[in-house]
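Biologist: I'd like a close look at one part of this model, namely the salt bridges and what surrounds them. Could you walk me through it in one go?

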Amino acid sequence: MNKSRISYHVLVILMMFTLVCCLHKIAYATELNSLARDFTLKSVDDDNIRLHELRGSVVVIKFLSHRCGSCVASLTELDQLYKKYKAQDFIVLGIQAPAPKVVLPASEPVEKANKNYNSNVVILETESATAIASNRVTEDIVGQLIASAKQGNTPPKHLSLAKVGFPILLDKNSEVQKVYRINDKPLMVLIDRFGYQRFLYQEQASAQRDSYQLKIESLLAQKVY
Amino acid sequence: MKVKFAIALLVLWSNIGQSENLSPINKEIQTLREQVISLNRDLQILEQKLVYPSETKVAVYVSMTIGDYFELDAIELKIDGVTQTSFLYTDKQNQALRQGGIQRLFVGNIKRGMHDVTAVIRGKGVDNSEYIRAISGRFGKMKNALTLELKILDSSAVDQPVFNLVEF
């Protein structure tokens with residue numbers, strides 16, 4: 001009798017846990033089959049890039065948060081995938097969210113500037129050597145950090161540096177974030193060659209890398225007649 | 001053997017019969033499709049008239065002539081000092097404008113009376129120089145829909161682009 005009661009309670013707890021997991025959407029991927037909402041954003045390289053003009057290519061939209069220092073690792077992985085599949089019409093778009101405007105004077109030393117931040121700041125550099133930063137740092141400080149990193153110095157703890165080959169777009173008014181309902185969480189959307197959203201990933205550990213790499217390969221294998 | 005041949009004939013005959021029956025159904029489906037498309041068009045026109053009645057409707061179009069002296073990057077449109085819309089232009093959209101395309105930049109509603117319309121145009125000139133120009137005009141909104149055209153013209157006299165905001 002006791003054993004049956006215990007097993008009953010265990011079963012109930014398991015079911016509750018499963019329900020909670022579903023409600024919190026801890027599941028790694030959700031398939032979406034709607035047309036991806038169009039947008040046009042300016043890139044770091046001063047080009048205007050429109051999503052619907054990329055139809056025919058498999059597109060990965062990676063939403064970048066200035067608070068996500070761990071995003072640097074996933075960006076490097078994405079960049080590797082981008083270089084690997086670029087010839088097969090594979091495009092990655094990094095969309096940089098604006099940070100709160102805290103602009104420091106240009107003369108302030110870098111170390112002192114770092115202490116003013118209580119979150120990681122992601123600084124990205126594209127192959128064209130154009131640097132972008134969140135609005136928390138001035139361009140002078142970014143320039144110093146980039147130069148320092150090029151010399152082989154490790155960037156300070158609060159700052160992460162990633163060099164990527166794909167375009168980084170600036171979502172200054174957070175319009176695209178609102179459209180894609182990003183609530184300050186890093187997110188990745190996989191779009192097929194026909195412009196339909198196929199998979200959605202919230203940033204978790206790099207354990208998801210195999211999962212989304214498989215999905216990307218399956219989308220690349222899709223034929224367009 | 002004879003039985004099999006008879007069965008095969010029967011199956012063939014029934015298929016032919018079915019395809020003959022399908023033909024009027026196909027025609028009916030085609031007719032229905034045409035009606036649906038026509039209805040859809042009428043609904044869209046009705047929707048436009050309801051959402052933007054001519055008493056309050058204002059529309060702004062963008063056109064480019066030749067476009068050798070200017071590459072359009074962005075336009076921000078303001079009516080009475082309030083930003084109504086902003087648009088970023090890609091290379092393909094620039095090309096479409098150069099080939100004669102006209103873009104409907106904005107459609108909205110405003111009250112009757114005089115209004116200030118300002119367009120801030122950003123782009124690149126001949127030598128890749130940054131261009132920021134603002135042109136404005138004062139227009140009266142009457143009973144009919146107000147339709148404005150933002151023209152980007154090449155002026156060979158000054159080797160520069162010229163911008164005009166006129167009523168259509």
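Predicted model: local features only at pLDDT ≥ 70, side-chain atom pairs only at ≥ 80, totals over all residues.

Modeller: Asp116(B) sits in strand E5 of chain B and Arg138(B) in strand E6 (residues 130-141) of chain B, so the pair ties together parts that are 22 residues apart in sequence. Asp116(B) itself is partly exposed, with 35% relative accessibility.

Now zoom out a bit. Over all chains, the search turns up eight salt bridges. Side chains of opposite charge can pair when their charged atoms come close. Two of the salt bridges found by the rule run across the interface of chain A and chain B. One salt bridge to look at there is Asp46(A) with Lys124(B), where the closest N and O atoms are 3.8 Å apart. The cut-off for a salt bridge is 4 Å. Asp46(A) is in the loop between E2 and E3 of chain A, while Lys124(B) is in strand E5 (residues 113-124) of chain B, so this pair joins two chains. Both ends are partly exposed: Asp46(A) has 33% relative accessibility, and Lys124(B) has 27%. Lys42(A), Asp46(A), Asp73(B) and Lys124(B) are joined into one network by salt bridges that share partners.

What does the rest of that interface look like? The contact draws on eight residues from chain A and eight residues from chain B. Putting the two chains together buries about 680 Å², with carbon and sulfur atoms giving 42% of that area. On the chain A side, the residues that lose the most area to chain B are Thr40(A), Asn48(A) and Glu53(A), together 63% of what that side buries.

Staying in chain A, there is a salt bridge between the side chains of Arg50(A) and Asp38(A), at 2.8 Å from N to O. Arg50(A) belongs to strand E3 of chain A and Asp38(A) to the loop between strand E1 (29-31) and E2 of chain A, so the pair ties together parts that are twelve residues apart in sequence. Arg50(A) is partly exposed at 25% relative accessibility, and Asp38(A) is partly exposed at 31%. For contrast, take Ser43(A), which is in strand E2 (residues 40-43) of chain A. Ser43(A) counts as buried because its relative accessibility is 3%, and the cut-off is under 20%. Leaving aside neighbours within four places in sequence, Ser43(A) touches Ile49(A), Ile168(A) and Leu169(A).

An α-helix has 3.6 residues a turn, so residues three or four places apart point the same way. Just past H2(B), Gly100(B) has a positive phi of about 110 degrees.

As for the chain that holds these pieces, chain B has two helices and eight strands, in the order α-β-β-β-α-β-β-β-β-β along the sequence. Of the 168 residues in chain B, 30% are buried. Among contacts in chain B with a separation of 6 or more, 64% are between residues 24 or more positions apart. Leu43(B) lies in helix H1 (residues 2-51) of chain B and is exposed at 51% relative accessible area.

Conventions. Residues numbered from 1 in each chain as written. Chains lettered and ligands numbered in written order. Heavy atoms only, no water. Helix = DSSP H or I, 4+ residues; strand = E, 2+ residues; numbered from the N terminus. Buried < 20%, exposed > 50% of the residue type's maximum accessible area, 1.4 Å probe, protein only. Contact = heavy atoms within 4.5 Å. Buried area = accessible area lost by both parts, 1.4 Å probe.
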